[in-house]
Structure formats: C-alpha cells, structure tokens
Amino acid sequence: MSKPFDFDIGRLTGEANYSGRPPADFAQTPERGTFFLETFGCQMNDHDSEKVAGVLLARGYRQVETPEAAGLILYNTCSIREKAAQKVFSRLGEYRAKQSQGKIIGVLGCVAQQEGEDIFERAPWVSLVCGSASYRKLPELIAQLESGNHRVTGLDTDTEETFETEITRRDNPFRAYLTIIEGCDKACSYCVVPYTRGPERSRASDSILREVRQLAELGYSEIQLLGQTVNSYKDPTPRKMRFAELLLAVAGVPGVRRVRFTTSHPSDFTKDIVEAIEAQPKICEHVHLPVQSGSTRVLRAMQRTYTLEEYLEKIAMIRGVSRPIAISTDIIVGFPGEKEADFEETLCLLDEVKYESLFSFKYSPRPNTPSLKMDDAIPEEEKSRRLAILQDRQREIQKARNARLVGDTFEVLVSGKSRRENQWSGYTSSNRLANFTSQEQELLGTYVQVRVTGATPNSLVGEHVV
Ligand code: 5AD
Ligand code: SF4
C-alpha cells in the first residue's frame, strides 16, 4: 500500500546565515537533484528526517538509497551519548572521498547544533550544518547551497515560533508521528537536549487537530504524539487545552483508531492522563515513564525534580485503574557518585514495578552539562557490570510477564510481513511486538485479533483468530 505525500507548505522565517565560499560544483554532478538521508537517534529524529525529506521532495529532489547515487548526502545526527556523537565523525570521514566527486555533504540534528561551525574545521568537506530548531529554514539553506555557497548554517534555536510539520514525507503508511512540543525546559544534569533542541515550545491545539484530521483522511489510523516531555504540553491558544484533553480530542477524530504519546516526564504526569486512557480505548494502554534511577539521592544529583516516592505514586496511579496499562522506562547506570546501594535501589525498583520494557544506558558525560564536572566518576567496567546485572534482571521480569499472557487475545496493528510464508508482525495497544501466523493474503495496515501461543522476553508469538 502506498501513501500520497502530505504536502502542507508553510512559511519560512529568518535569514540564512552563510558565507560565500568557492561554489561547490553542485549543478555539475551526474546525481544532481538526488539526496541520501541517514538518520540516527530517537523517534524525534526519525520524524525530523521525514520533515527534511518532505522539504527536499517538494523542491523536486529525488530520494536515493545509497550515498553513491546521491548529489546531496545528509546525516541526521544524535548526540545524547558520546558513542552516537563519535559515530558522526567517523561517518563523515567515510563521506570525505565523496565530496571530491562534487557531492554536497550536510550535518543535521543534535551534533550539528552542539558542534556548530566547528564541524567545518573538523570536517572541511561539510557544506551544511543545521540544527533541528532551524529546519524551517531548510528550503532557504538548500537554495544557498544550490547557488554555490559552500558553507551554510542554520543554528538558531528558534524560540519565537514552533517548527510545525510543514512538509512531511512519512515513512510508515499506517502510523503517523506528529510533534506537539519541541525542545525541553527541564534541566536534567546529564542531558544535552535542552542545549541541542532549545527551550520548550508547544504547538497550537487547533493546528495539531487540523493535521490529525488530514492524516486520518489519508488513511493513517495510528497517531503518535511526540515530544521530549510530551505531557508538559501547554496549548498556546486561548483554548488552553490540557494534554489529557488533547489526547481525547485526537482520539475523537474520525478514522483514528490508536493514539500513542512519548516521552512522558514523571513530574508532569497527572491523574487526568490516566483517566483519559481509562475512558477512551483508542488511547493506547502504554505509558513510557523514564525514571533514570531508583535512588532519590541520585535523582537529586540528576536534577530529575521528583523523589523515588513521588515516582512510585505515579506508578500506583497508573496501575490503579481498571485498564491494564503497560509501563516502560529509561534507566542510566553509573551516574557520577552512584554507590552500590543506589544501584541496589534501582534493582529493587525493577522488582517492584515490573516494567513491561526497559531502555538502559551507561552514563555518558556530555559537553556543557552540569554532571560533566561532578566528582566520583564510575569506572567504565563498573558501569558495564551494573548494566549487565540490570538487563539480566529485567529479562527475567519480562520473561515471566510475557509467559502469563499465553492464551490471551490482543488486537494487533499489522505492520510487518516476514519472508517466511504466513508470518506477520505488529504491535498491540500495550506496545508489545507480536509475531503471528495467518492464512490471509494481505494484512498490512489492518487490525487483527491475535491469540498468544508462546512468549519470549521481548515478543509474543501467536496466531490470527478470524
Ligand atoms: N548518558 C546516558 N544516557 C543518557 N540519556 C540521556 N542523556 C544521557 C547521558 N548523558 C538517556 C536517558 C533518556 C534517554 C533518551 O537517554 O535515559 O531518558
Ligand atoms: Fe533531557 Fe531531562 Fe529534558 Fe528528558 S526531561 S530531554 S532527560 S533534560
């Protein structure tokens, strides 16, 4: 099933900031008019890339599968942990040879924002450096490149206006990502996001709902609302819609069958969100609620704005309703000064909450962040040891949790077809991956009932019940 592109061309603001360097031989390349776009990082980055691809397609560019076939090579980067950022420079090294063939190379995303014009010093073969808050200027920046400017930057963190989904080419024909809030106003001591994505800006509720209606008409049945702290949403219109009201309003749009949202911050996670999930079956029964640590002492050092007890109250609120709501979380091990006893508290938290899934990371010191200067760094081997223990414990929890689901039946939105015959996959409302068999010929994009016949720690195995 293919989907028409949803072009909704918006305004451009601001001035491109460029310096007139010797023109790159852009118009002379045999691959002119084509682009290759590689994306690293989170769902926000995936969605940003959809926006970038939309901007380029609207200018008449064609997307290609390999850097070799492209005239313009774009790399949408992540700098949340050091490893991700390092990868960018090694990838840029690989691209170096390509510039000599007249290709234009651009760095987008968080590394672009963080490193800024220094990228031109470290990798002089790069011609475009643009952070996510400046993507609204991309058409203008691309025009500068096309007219021969060799070093073009978009590095403002645009606080006046929210970047809206002006021109988007969505990758998935059934599920649409939609940014409702950009940037972050929290100040977690380990995190680069407030620096790379700028301060929090919420999008107008009427504009969000207008786009949801367009998406539903185009056949997208699952809407996933995105934001670094999605539930900190503050409607800038006089309507002042609360986040929970927005969830209900999105679910009420004809054609929408599922609404997801990520990522929630515990401090802004209010009762009315849980009540909305309980009242409206179209709002998926899943909450991603990063805790980061099970120790209040470490949470304080992380500047997470809640104690373990306050976090557990939110968990009790979610678990206390009639609908079974799956909870997933993020945990960082080896934060500076994390003692064995703090780590034990994190393990106890896993035992207590029994999360449906977990994303776990070794602490990575990042530029500009307050925790960079903290004493008592944890040695790398110790971080690895704690991570392995944490992941083992969680694997056991998921194994037991999923095993209990054998015999149950779930609704699955079918999003994958395996090469093996009669094998399909998709996600339940609780965000569990289900691999299942069906005799049907075409199921992609449909909702089916799947009976669970087996389980692994990370997925369910089942059969289509007709
Ligand atoms: N080191 C390790 N993990 C980090 N995260 C954010 N910053 C860092 C860092 N400096 C993790 C947090 C966050 C997730 C997206 O990435 O757990 O929730
Ligand atoms: Fe980073 Fe904290 Fe903001 Fe999440 S809430 S993006 S961890 S600063």
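## A buried cysteine and the model

Cys184 counts as buried, at 11% relative accessibility. Buried means under 20% relative accessible area, exposed over 50%, and partly exposed in between, with a 1.4 Å probe and protein chains only. This is a predicted model: local features need pLDDT of at least 70, side-chain atom pairs count only at pLDDT 80 or more, and totals for chains, interfaces and linings use all residues. Residues are numbered from 1 along each chain as its sequence is written, chains are lettered from A and ligands numbered from 1 in the order in which they are written, and side-chain values use heavy atoms, without hydrogens and water.

## Around ligand 2

Cys184 is one of the residues surrounding ligand 2. Among the others are Cys188, Tyr190, Cys191, His265 and Arg304. A residue belongs here if one of its heavy atoms lies within 4 Å of the ligand. The shell divides into six nonpolar, three polar and two charged residues. Ala, Val, Leu, Ile, Met, Phe, Trp, Tyr, Cys and Pro count as nonpolar; Asp, Glu, Lys and Arg count as charged; the others, Gly among them, count as polar.

## Around ligand 1

Tyr190 is also found around ligand 1.

A backbone N or O atom of Tyr190 lies 3.0 Å from a nitrogen atom of ligand 1. A polar backbone atom of Ser364 is 2.8 Å from a nitrogen atom of the ligand. The side chain of Gln292 places an N or O atom 2.7 Å from a ligand oxygen. Taken alone, ligand 1 exposes 400 Å², and the protein buries 86% of that. These areas come from the Shrake-Rupley method with a 1.4 Å probe; for residues, only the protein chains shown count as cover. Strand 16 (326-333) and strand 17 (357-362) each give two or more residues to the shell. Helices (H or I, at least four residues) and strands (E, at least two) are DSSP runs, numbered from the N terminus.

Thr369 is buried, with a relative accessible area of 1%. Asn368 is exposed, at 55%. The side chain of Thr369 reaches the backbone oxygen of Arg366 at 2.6 Å. Leaving out residues up to four places away in sequence, Thr369 touches Ser189, Tyr190, Cys191, Val192 and Tyr195. Touching means heavy atoms within 4.5 Å.

## Backbone exceptions

Most residues other than glycine have a negative phi, and most peptide bonds are trans. Asn368 has a positive phi near 70 degrees. Asn422 has a positive phi near 65 degrees. The peptide bond from Thr262 to Thr263 is cis, with omega near 5 degrees. Thr263 lies in the loop between strand 14 (258-262) and helix 9 (271-279).

Helix 5 (residues 138-146) is largely enclosed by the rest of the structure, because seven of its nine residues are buried. They include Leu138, Glu140 and Leu145.

The whole structure has zero disulfides, meaning pairs of cysteine sulfur atoms within 2.5 Å. For Cys42, the nearest cysteine sulfur is that of Cys78, 6.4 Å away. Cys42 is partly exposed, with a relative accessible area of 35%.

Notes: Polar contact = N/O pair within 3.5 Å; in protein donor to acceptor, adjacent residues only side chain to side chain.
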